Structure formats: C-alpha cells, structure tokens
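Please look over the sequence and the 3D structure shown here before reading on. The report below can be followed with both in view.

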Amino acid sequence: MKLLVSALEHSANVHLKALREHLPESVELEGIFSADLGEPIVDLRSLAVMGFVDAAKKLPFFYRLAAEMTERAAEADKILLMDSSGFNLPLAKRIKKRYPSKEVIYYILPQAWAWRKGRIPVLERTCDRLLSILPFENQYYSKEAPIEYVGHPLLDEIHRFRTGSWEQRDGRWHYRPGPDEPERSTAEPERIAYLPGSRRGEITRLMPLFHQLRRELGEHRAQIVIPPYFTQDQIRELYGDLSAFEIRHDTHATLYESDFAFVCSGTATLEAALIGTPFVLTYRAKALDYFLVKKLTDLRYAGLANLFSLDFRGRPMHPELIQEELSLENLLQAYRKYDRGRFAEDAAALRGYLSHGSAAEVAKRILL
C-alpha cells in the first residue's frame with residue numbers, strides 16, 4: 001500500500017511515528033512528514049510558521065506544495081491528513097475533486113467545534129473517514145458523518161504517570177508516590193519545570209517573565225525544557241542566561257520528575273495534565289493574532305485539559321494566564337493557591353475519560 005501523508009506539524013509527526021509502529025512494512029509513506037520516517041518531499045523546517053501574519057508570507061510556497069501533493073495522489077492507494085487544517089482541508093477538497101474514488105482519511109481533525117464551524121459540512125463531504133481524538137467532537141457533526149473517536153495519541157506516547165496523592169503539612173504540599181513510583185526524599189528542594197514553548201515568538205515573550213519567576217519562587221530545582229534542535233547561539237539569543245536552570249530536552253521525563261510546572265499553551269499542557277504534574281498554562285501572543293483568535297472563537301479556555309474537564313467534571317482543571325492576565329504577581333498567586341490534591345484526582349479522571357491510545361485503532365482503519 002502506498003499511503004500519501006500530509007503531516008506538517010512537529011506534534012503530528014510524533015503521532016505519526018507511533019502510528020508507523022502499528023503499520024506493516026508493506027505500507028509505504030510518501031508526502032510531507034519528518035525525515036526520520038522516510039524520504040519526504042519537503043524539509044519540514046521550511047514550513048515552520050506561527051500565527052496568521054507569519055503564515056500569510058508563505059502562501060505561494062504552500063500553493064505549490066498542495067499542487068504537488070495533488071499530483072502524487074494519483075499513484076497513492078489512500079490519503080492520510082493529520083492536523084494543519086489551513087493546508088490539509090483545501091488539499092482534501094482538491095484531491096477528492098480530482099480523484100473521487102480515493103479514500104481520504106483525516107486523523108486529528110480541525111477544531112471546527114471551536115471556530116469556523118462551516119468546515120464541518122466540508123469535512124463530511126470530502127473525507128471518507130474522520131478519526132477523532134476528542135471524545136466530545138462527534139456531537140458537532142451530523143448523525144451520518146463518518147466520524148468516530150479512536151482514542152488519544154498522547155496515551156500511546158506517555159509511558160509514566162504520577163499516580164500518587166498530595167497532602168498539605170506545615171504550609172507545604174507533600175507528594176505521596178503511587179505504588180509504581182520511586183520514593184523521593186522530602187528534604188530535596190521542590191522541582192519546578194519551565195516550558196516556554198518551541199517557537200521563537202513564544203519563547204522570547206515568556207522567558208523574561210520566567211526569569212523573574214524563578215528568582216521570586218526562592219530555592220527550588222529549576223528545570224527548563226528546550227527543543228533539541230536549537231544551537232547554542234540560538235539558545236543564548238532566545239533564552240538569555242540559563243546558568244540558574246537545569247537544561248532538559250525530554251518533555252515527558254521532565255514533567256514526570258517535576259512537582260510543578262509553568263507551561264506555554266499547546267500540546268505540553270495536555271501532556272502535563274495526563275502525566276499528573278500540577279501546572280499553570282501561560283501564553284502571550286502577538287496583539288494582532290490574539291485579536292483575531294478572540295474574534296473567531298468563542299472558547300472559554302485555551303487548554304484542552306480544561307475543555308475536557310468541562311465535559312466530564314463541569315469545571316476547569318488548571319489555571320490559565322493569558323495576555324494581560326499573565327503577570328509575575330498572578331503567576332505567584334496561582335502557584336501558591338493551587339489545590340494539588342484536587343488536580344491529582346482530576347488527572348486520574350482525565351486518563352479514564354480519554355480511555356486509550358489511538359495509534360493501533362488508526363492503523364486498523366487504514367488497513368481496512
């Protein structure tokens with residue numbers, strides 16, 4: 001089988017790697033994906049954009065890329081689109097119009113339930129299979145839509161969870177590890193993780209605040225997660241002086257080993273929630289990008305864990321500090337007033353709500 005894949009984002013490629021493990025070697029990948037999965041038709045680093053303004057500058061490039069993908073669809077047995085609706089939904093329409101009998105599978109669907117709901121009928125008409133990773137998502141589609149929940153990919157990729165409990169003693173939170181977790185000396189300083197994101201704009205907007213926060217929080221083991229592909233010169237330019245931080249590259253291991261985290265809005269917030277590390281979502285966008293998002297969406301929360309929690313708990317799971325609310329004072333207050341005991345209960349409930357991973361289920365549907 002020749003599978004034409006369009007996976008532009010880093011997160012989509014992490015999920016694609018997990019999926020690849022469940023597909024036989026006879027399935028050949030072609031198209032847009034990470035180079036460590038084969039021979040893509042484009043270097044993914046050239047696709048890295050952030051926000052409406054930056055994306056507009058690369059429109060001619062994306063038009064040419066979509067044309068090439070449409071041509072390659074002629075020889076493909078099936079089409080697999082992952083996330084990135086700005087590129088993949090128009091691509092799905094082009095391919096289906098030109099090759100009506102080609103099976104188009106969309107895995108990790110556009111967030112049409114959150115904004116631009118007009119995309120839902122287009123998805124229903126254009127795609128043969130809609131593989132959802134959100135348990136509530138099918139509520140927004142028609143009863144005839146080819147949509148089904150297949151599990152969540154992070155449950156394939158996260159292998160250790162904090163399953164213990166928290167209790168307050170002497171004005172401090174103390175963690176009691178679960179049965180399969182290592183014991184930890186209470187004499188050790190608290191481990192706090194700082195995750196300022198993976199994109200340059202996110203990092204440069206958050207790091208000055210994170211430096212202040214590290215100083216104000218007093219004695220603790222400060223760990224910062226940095227993408228492994230940054231050079232030393234780029235790290236100095238984006239992050240500043242990191243002599244007071246322990247540099248880490250593995251997001252899951254860092255979150256699992258940490259007692260608390262400050263996390264840039266994105267996939268890492270759901271990872272922290274599933275792993276069970278108490279955290280505060282932080283985000284500061286370009287003013288124009290934020291204005292456009294607020295105009296186009298009616299979401300009450302930015303974090304997926306909070307949106308899930310509204311569905312199964314009826315309330316948010318963690319604090320969110322965004323734009324003008326993101327200040328040193330508010331970060332310190334959120335940290336000091338955090339109910340870690342309730343968070344641990346919510347994290348366990350979240351894992352039960354999502355139920356299982358998605359890679360094996362998606363592989364079955366590709367091979368049908």
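This is a predicted model: local features need pLDDT of at least 70, side-chain atom pairs count only at pLDDT 80 or more; totals for chains, interfaces and linings use all residues.

## The open sheet

Six strands make up an open sheet, and their order is β2-β1-β3-β4-β5-β6. The pairing in this sheet is parallel. Its edge strands are β2 and β6 (147–149), each of which pairs on one side only. Direction ignored, neighbouring strands of the sheet are turned by 20° against each other on average.

Ser132 has Tyr149 as its bridge partner in β6.

## Strand β1 and its neighbours

Strand β1 covers residues 2–7 and is mostly covered itself, since five of its six residues are buried. On one hand, β1 is joined by five bridges to strand β2 (residues 28–32), and the two run parallel. On the other, five bridges join β1 to strand β3 (residues 78–82), again in a parallel arrangement.

Val5 shows both pairings. Its bridge partner in β2 is Gly31, and its bridge partner in β3 is Leu80.

## Helices beside the sheet

Where does helix α1 belong? Helix α1 (residues 10–20) forms a right-handed β-α-β unit together with β1 and β2.

Helix α4 (residues 85–98) lies across β1, β2, β3 and β4 (103–107). Relative to β4, helix α4 runs at about 165°.

## A buried arginine

Arg162 is found in the loop between α6 (154–157) and β7 (165–169). Is Arg162 buried or exposed? Its relative accessibility is 6%, so Arg162 counts as buried; the cut-off for buried is under 20%.

The side chain of Arg162 reaches the backbone oxygen of Ser258 at 2.8 Å. Leaving aside residues up to four places away in sequence, Arg162 touches a number of residues, including Tyr175, Glu181, Leu255, Tyr256, Glu257, Ser258 and Asp259. Ile275, Gly276, Thr277 and Arg351 are also among the residues that Arg162 touches.

## Aromatic pairs

The model has 19 aromatic pairs. One of them joins Phe260 and Tyr338 in an edge-to-face arrangement, at 5.1 Å centre to centre and with 85° between the planes. Phe260 lies in strand β12 (residues 260–264) and Tyr338 in the loop between α13 (328–336) and α14 (340–354), so this pair ties together parts that are 78 residues apart in sequence. Both Phe260 and Tyr338 are buried.

Another pair consists of Phe312 and Tyr353. Their ring centres are 4.9 Å apart and their planes are at 35°, so the pair is tilted. Because Phe312 lies in helix α12 (residues 304–312) and Tyr353 in helix α14, the pair ties together parts that are 41 residues apart in sequence. With 23% relative accessibility, Phe312 counts as partly exposed, whereas Tyr353 is buried, with a relative accessible area of 18%.

## An aromatic cluster

Which residues form one aromatic cluster? The members are Tyr194, Phe210, Phe245, Phe260, Phe262, Phe279, Tyr335, Tyr338 and Phe343. Phe260 and Tyr338, the edge-to-face pair described above, are thus both found in the list of cluster members.

Key. Residues are numbered from 1 along each chain as its sequence is written. Side-chain values use heavy atoms; hydrogens and water are left out. Buried means under 20% relative accessible area, exposed over 50%, partly exposed in between (1.4 Å probe, protein chains only). Helices (H or I, at least four residues) and strands (E, at least two) are DSSP runs, numbered from the N terminus. Two strands pair if DSSP finds at least two bridges between them. A crossover is right-handed if, with the strands pointing away from the viewer, the path from the first strand over the helix to the second runs clockwise. A polar contact is a pair of N or O atoms within 3.5 Å; within protein, one must be able to donate a hydrogen and the other to accept it, and residues adjacent in sequence count only if both atoms are side-chain atoms. Contact means heavy atoms within 4.5 Å. Axes are lines fitted to C-alpha atoms, for helices over the stretch in contact, and angles run from 0 to 180 degrees between N-to-C directions. Rings of Phe, Tyr and Trp (its six-membered ring) pair if their centres lie within 6.5 Å; planes under 30 degrees apart count as stacked, over 60 as edge-to-face and the rest as tilted.
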